[in-house]
Amino acid sequence: MNTTAKKDRSMEIQKAMLARHYKRLAEADKTGDKCAYTFVPGNLTELMHVFDLLPVLPEINALQSAMRKKSAAYISTAEKGGHSEDVCTYVKCDLGMSRSGNLGPTGDPLPKPSILLLSYTGCFTFMKWFEILQREYDCPIVMLHVPYQADGRPTPEMRQYIVKQLEKKVIPALEEASGKPFDIDKLSDLLRLSARAEEDFVQVLDSAKHRPSPIDAYFGGVYYISPIFTAFRGTESAIEYYEALREEVEERVRQGQGPITPEGELIEEKYRVVVEGPPNWTHFRDLWKMFYDEGAVVVASTYTKVGGLYDQGFRHDPSHPLESLADYCLGCYTNLNLPSRVDLISKYVKDFDADGFLINSVKSCNSFSAGQLLILKEVEKRTGRAGGFFESDLVDPRYFSAANIKNRLESYFQMIEQKRSAAQPAAGDAS
Amino acid sequence: MMTTNTGRSLEDILEFAETLYHDAALSSVRDWKKTHPGRIAVGSMPVWAPRELIHAAGGLPVSVMGGGDDVEIIKGDAYFQSYICHIPRSTIEMGLNGSLDVLDGMIFPSICDVIRNLSGMWKLLFPEKPAWYLDMPQSFDEIGRSFFRGELLRIGKEMGELAGHEITAEALKESIAVFDRNRALLERLQEHRLNRPWMFPISEVWSVIKAGGFIPIEEHNDLIEEYIAAAEASGRPPIDNARVILVGSFCERPPLNLLRTLERSGCYVVDDDLSLGFRLIRGSVGAEGDPYQALADAFVERSREAAFLYREGEKGKELVARARAAHAEGVLFCAPSFCDPALLDQPMLVEAVEKAGLPWTAFKYAENTGQFQVIREQAGTFADSIKLWSVA
């Protein structure tokens with residue numbers, strides 16, 4: 001295994017952004033900076049920036065704990081505290097972390113929340129999670145209820161419901177927590193910056209339509225979504241990052257290069273696949289290597305849409321700031337109904353000319369997982385392309401079986417190979 | 001044998017209720033449709049749905065509560081991973097094997113990610129039947145009331161189209177009145193149960209309540225009255241059981257034999273959330289003014305504490321208050337495996353009951369659990385410990 005990963009300029013920019021953010025969090029108690037804990041889907045980052053609240057995202061804490069091999073101990077702490085082995089391991093990992101000093105990825109303690117901003121978008125567990133955290137931190141909490149797109153489209157009533165909650169509940173609560181007044185012009189300015197970064201981000205995702213794809217839109221995609229899904233939307237540094245990333249990706253397209261992976265550049269793109277479901281974080285690099293070893297590139301993924309479906313045309317709109325935030329929340333992938341998810345995955349398979357699609361079904365996330373076996377059947381039926389299925393978990397290493405997953409993946413790619421052979425005329429066939 | 005003024009004995013009533021309980025093929029609904037041609041039957045998943053709307057459309061509200069231990073899962077398991085709870089697989093099974101084909105539509109309330117996604121699966125698998133997702137508000141104020149009225153109005157309009165006629169305000173008010181009577185009778189049944197639990201065992205009470213999901217509400221009202229009268233007249237003697245509350249079973253329900261096991265192990269279950277959906281709204285909805293607004297207001301202002309509803313800072317308060325009101329000596333946390341709302345709630349509720357000094361124990365089940373010996377031993381030990389040492 002190649003252990004020295006090649007660093008592009010965009011990677012360095014992102015690294016510096018994250019370092020600055022975590023430094024501010026680590027020093028928040030001294031500087032008086034306040035922070036809001038919130039979730040990735042439906043995050044209201046620009047709104048938090050209006051109040052100078054630093055975002056902290058518990059899902060990100062959990063996945064980073066898993067990547068640093070600390071999640072098993074944290075989950076164990078939560079289970080010893082009475083939490084069931086059946087429930088979401090993000091919750092248990094985060095709870096265990098908070099009960100073990102609440103150390104962030106830099107090793108410094110994260111500040112306690114000034115407020116919990118419960119953006120309830122596409123995941124019921126979020127609601128329980130913050131009920132639990134509220135008892136841990138004994139801090140203010142405000143909930144934004146985002147209706148589900150059950151019929152495949154948002155309605156004006158849904159939008160109005162969200163806007164009213166923002167006006168009457170969320171904004172006053174953030175004013176109270178931050179001690180700062182709401183400024184709608186500032187929000188508009190931040191949304192304008194968001195839209196610029198979103199434009200470049202979409203170009204990066206779309207680049208995977210090239211052959212070979214210059215990016216991996218799942219494993220690599222996790223890094224590409226990081227700034228826009230977390231604390232940096234509405235910032236100049238996000239614009240700088242996505243401009244740099246786009247330039248690099250466009251250069252890779254010009255050079256006909258494949259994606260950069262931890263193992264080095266993927267030289268031969270043998271398989272193009274779409275992936276549905278979140279990654280496994282405890283063995284993130286191992287799983288990526290399994291794809292790399294097969295010459296498989298993920299050309300589109302649904303996980304990279306949990307923080308917004310920018311690739312389907314959504315952009316934050318500074319001329320209608322609150323309505324735009326409402327539309328954003330409504331449109332996150334986890335808030336789409338199953339038929340819409342089938343439509344989207346099928347569209348990806350066709351638009352990105354994929355050989356097939358794979359579902360990583362994670363035990364922890366019913367929001368993603370319930371119904372995925374039907375998604376598998378439906379997408380296969382609609383696209384005629386091969387579907388594959390394997391199971392893991394988000395952050396609980398007990399549920400990662402490398403041998404099983406590797407077997408599944410090898411069988412899946414053999415199946416694609418067989419389909420290709422069957423589709424080609426046999427050697428010596430006169431026709 | 002004691003009989004009621006309608007001539008049915010307690011045994012007859014219970015046999016009737018239990019037959020409905022195990023009627024996974026919905027024979028009673030089929031019979032109703034035969035005798036009411038052209039009218040609709042609409043199913044609803046747990047926990048709560050505005051059954052008044054179906055009734056006002058001239059339809060039969062039907063509770064789809066999974067297959068329990070009466071449905072063999074042949075196809076349903078192919079749709080769900082091993083870590084998903086059991087109720088969606090038995091519901092899909094019943095959908096695919098034709099048991100639910102008598103239903104003209106289904107309502108999926110917003111209680112968890114699994115039932116939510118099941119609504120989308122229903123749209124894909126049974127596209128010819130309407131599948132309504134009922135988004136219950138999590139904003140318990142004027143904003144939530146306004147949103148929820150809109151939700152109810154939307155479903156009411158489409159329900160009327162399905163039935164072939166508009167739901168009028170008058171019809172909806174009449175339906176609310178019938179269901180208000182049902183709510184009042186269920187409260188009366190609860191009072192009897194609290195006062196004399198030896199006459200109202202949980203296995204019977206739940207059978208009688210659940211029957212309301214398969215027969216017209218007017219008949220259910222009669223059934224409850226008959227049951228109360230017959231059970232009161234049964235002359236069953238009290239025994240030295242522990243008074244407990246059952247928590248966590250509001251969606252996927254335990255098999256009836258599990259409830260009997262609890263009774264045999266020495267527990268009087270004096271309150272539970274098995275029937276939460278039937279009793280979610282406290283008191284009456286009322287039929288004054290705009291009936292859609294009345295339903296929305298009742299939900300927002302008077303719904304009980306539930307794992308799927310977000311009410312800041314109130315977790316466990318109502319449970320402790322219920323336990324006190326019921327003179328409960330302990331709490332049985334009895335949740336289905338893989339039920340996120342119940343199991344994520346549990347540690348918070350445990351904290352609340354511990355603070356209140358109430359003993360508790362916890363176990364899990366699935367709707368088709370068949371082995372009860374371990375639960376019997378656990379519940380029996382719990383009941384014994386209450387009797388021997390508890391000061392609650």
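Predicted model: local features only at pLDDT ≥ 70, side-chain atom pairs only at ≥ 80, totals over all residues.
**View 1**

**View 2. The four-stranded sheet of chain B.** Four strands of chain B form an open sheet in the order E2-E1-E3-E4, and their pairing is parallel. Strands E2 (60–63) and E4 (131–134) of chain B stand at the edges; each has a single partner strand, so one side of each is left without a neighbour in the sheet. On average, neighbouring strands of this sheet are turned by 25° against each other, direction ignored.

**View 3. Strands E1 and E2 of chain B.** E1 (residues 41–44) of chain B pairs with E2(B) in the parallel sense, over four bridges. Opposite Val42(B) stands Pro61(B) in E2(B).

**View 4. Helices H6 and H7 of chain A.** The axes of H6 (residues 89–98) and H7 (residues 124–137) of chain A come within 10 Å and cross at roughly 10°. Angles under 35 degrees count as roughly parallel, and H6(A) and H7(A) are therefore roughly parallel to each other.

**View 5. Residues where H6 and H7 of chain A meet.** From H6(A), the residues in contact are Tyr90(A), Val91(A), Asp94(A), Leu95(A) and Ser98(A). They meet Thr125(A), Trp129(A), Ile132(A), Leu133(A), Glu136(A) and Tyr137(A) in H7(A). The residues of this contact between H6(A) and H7(A) divide into seven nonpolar, two polar and two charged.

Key. Residues numbered from 1 in each chain as written. Chains lettered and ligands numbered in written order. Heavy atoms only, no water. Pairing = 2+ DSSP bridges. Helix = DSSP H or I, 4+ residues; strand = E, 2+ residues; numbered from the N terminus. Axes fitted to C-alpha atoms, helices over the stretch in contact; angles between N-to-C directions. Parallel < 35°, antiparallel > 145°, perpendicular 65-115°, else oblique. Contact = heavy atoms within 4.5 Å. Nonpolar A, V, L, I, M, F, W, Y, C, P; charged D, E, K, R; others polar.
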